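Thanks for coming, everyone. Please bring up the model on your screens, and we'll walk through the helix packing together.

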Amino acid sequence: MSSTRQPRRRMPRAERERQMIAVAEEIFAERGYQASSMDEIAEGVGVSKPMLYEYFGSKEGLLVACIRQARAELLATTLASVEGVLSAREALERGLVAFFGFIDSHRRSWALLRQEAAVAGQAAMDEIEAVRQQQTEVNATLFGSYLVGVPDRDLQAYGEIVVGACERLAQWYVTREDVTAEDAAELIMRMVWHGLGGATGTHSHA
């Protein structure tokens with residue numbers, strides 16, 4: 001009697017990698033980077049520990065992959081939020097709401113960005129800095145599209161200021177149940193918009 005069992009589908013590498021990252025992100029955020037083990041992550045995924053090392057090289061490499069994916073998702077969220085905006089003020093406000101909304105919907109990713117990278121090693125810290133630089137560049141580019149006549153140096157500085165404000169406010173934001181993403185965005189707008197709105201050449205474009 002011949003068997004009718006179908007051969008097991010081989011999961012494509014990209015799909016397997018996403019699965020590994022999802023499980024690792026959950027375990028890192030729940031247990032902390034140092035307390036998490038590659039054995040536990042491999043068991044959660046349903047693969048061997050050597051396969052994890054084949055894909056990511058090390059536990060730190062796996063954490064870096066988690067942070068890199070969060071960076072890509074944050075960029076996509078930010079860019080989608082400012083599509084079709086007509087002013088610098090609208091771009092900033094939408095971008096801020098998107099950032100705090102990202103924290104709400106990606107709490108595990110945010111826990112990694114906020115807590116775990118600092119104890120993992122230099123590669124993870126470099127990836128965190130890449131997240132900051134990515135958001136700074138997005139902000140500076142957006143501001144440059146609307147703030148006519150403002151030097152590139154100042155646009156970069158404005159981008160850094162907004163990123164720094166978001167990062168610090170986010171630490172407070174995640175402890176508050178009475179503050180929405182829109183509330184947090186409005187708090188930053190109150191603090192920074194007066195300066196941006198008064199930048200050279202912006203009065204007719206902001």
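What share of the contacts in the chain with a separation of 6 or more comes from residues 24 or more positions apart? The figure is 69%. Keep in mind that this is a predicted model.

Now the overall layout. The chain has nine helices and zero strands. Along the sequence the pattern reads α-α-α-α-α-α-α-α-α. There are 206 residues, and 44% of them count as buried.

On to the helix pairs. Two packed helices are described by the angle between their axes and the distance between the axes. I'll give both for each pair.

Start with α4 and α7. Helix α7 covers residues 122-146, and its axis comes within 9 Å of the α4 axis. The crossing angle is roughly 10°. The cut-off for roughly parallel is under 35 degrees, so α4 and α7 count as roughly parallel to each other. Who makes the contact? From α4 we have E60, L63, V64, I67, R68, R71, L74, L75, T78 and L79. From α7 we have Q122, A123, A124, E127, I128, A130, V131, Q134, Q135 and V138. By class, that contact splits into 12 nonpolar, four polar and four charged residues.

Next, α4 against α5. Helix α4 spans residues 59-81, and its axis comes within 8 Å of the α5 axis. Here the angle is roughly 145°. The crossing is right-handed. On the α4 side, the contact uses A70, E73, L74, T77 and S81. On the α5 side, it uses R94, G95, A98, F99 and F102. Sorted by class, this contact has five nonpolar, three polar and two charged residues.

Let me stop at S81. It sits in helix α4. Is S81 buried or exposed? Buried, because its relative accessibility is 15% and the limit is under 20%. Beyond its sequence neighbours up to four places away, S81 touches R94, G95 and A98. Look at S81 and G95 in particular. They are 14 residues apart in sequence, yet their C-alpha atoms are 6.0 Å apart.

Helix α5 is residues 88-105, and helix α8 is residues 152-173. Their axes come within 11 Å and cross at roughly 40°. That makes α5 oblique to α8. This crossing, too, is right-handed. Now the residues. L92, L96, F99, F100, I103 and D104 of α5 meet V162, C166, L169, A170 and Y173 of α8. The class count for this contact is 10 nonpolar, no polar and one charged.

Within that contact, take F100. It belongs to helix α5. F100 counts as buried, at 0% relative accessibility. Which residues does F100 contact, leaving aside its neighbours within four places in sequence? C166, L169, A170, Y173, A181, A184, A185 and I188. Follow F100 to A184. Those two are 84 residues apart along the chain, with 7.2 Å between their C-alpha atoms.

Stay on α8 for a moment. A165 is in this helix. It is partly exposed, with a relative accessible area of 27%. A165 pairs up in space with V192: 27 residues apart in sequence, 9.2 Å from C-alpha to C-alpha.

Now cysteines. C66 counts as buried, at 1% relative accessibility. C166 is buried as well, with a relative accessible area of 6%. How many disulfides are there? The count is zero.

Last stop, a loop residue. S36 lies in the loop between α1, residues 13-31, and α2, residues 38-45. Its relative accessible area is 4%, so S36 is buried. Which residues does S36 touch, not counting those up to four places away in sequence? I27, F28, R31 and K59. The C-alpha atoms of S36 and K59 are separated by 9.0 Å, and the two residues are 23 apart along the chain.

To recap the pairs. α4 and α7 are roughly parallel. α4 and α5 cross at roughly 145°. α5 is oblique to α8. Happy to go back to any of these on screen.

Definitions and conventions
Residues are numbered from 1 along each chain as its sequence is written. This is a predicted model: local features need pLDDT of at least 70, side-chain atom pairs count only at pLDDT 80 or more; totals for chains, interfaces and linings use all residues. Side-chain values use heavy atoms; hydrogens and water are left out. Axes are lines fitted to C-alpha atoms, for helices over the stretch in contact, and angles run from 0 to 180 degrees between N-to-C directions. Helices (H or I, at least four residues) and strands (E, at least two) are DSSP runs, numbered from the N terminus. Angles under 35 degrees count as roughly parallel, over 145 as roughly antiparallel, 65 to 115 as roughly perpendicular and the rest as oblique. A crossing is left-handed if the near helix is turned anticlockwise from the far one by less than a right angle, and right-handed if clockwise. Contact means heavy atoms within 4.5 Å. Ala, Val, Leu, Ile, Met, Phe, Trp, Tyr, Cys and Pro count as nonpolar, Asp, Glu, Lys and Arg as charged, and the others, Gly among them, as polar. A disulfide is a pair of cysteine sulfur atoms within 2.5 Å. Buried means under 20% relative accessible area, exposed over 50%, partly exposed in between (1.4 Å probe, protein chains only).
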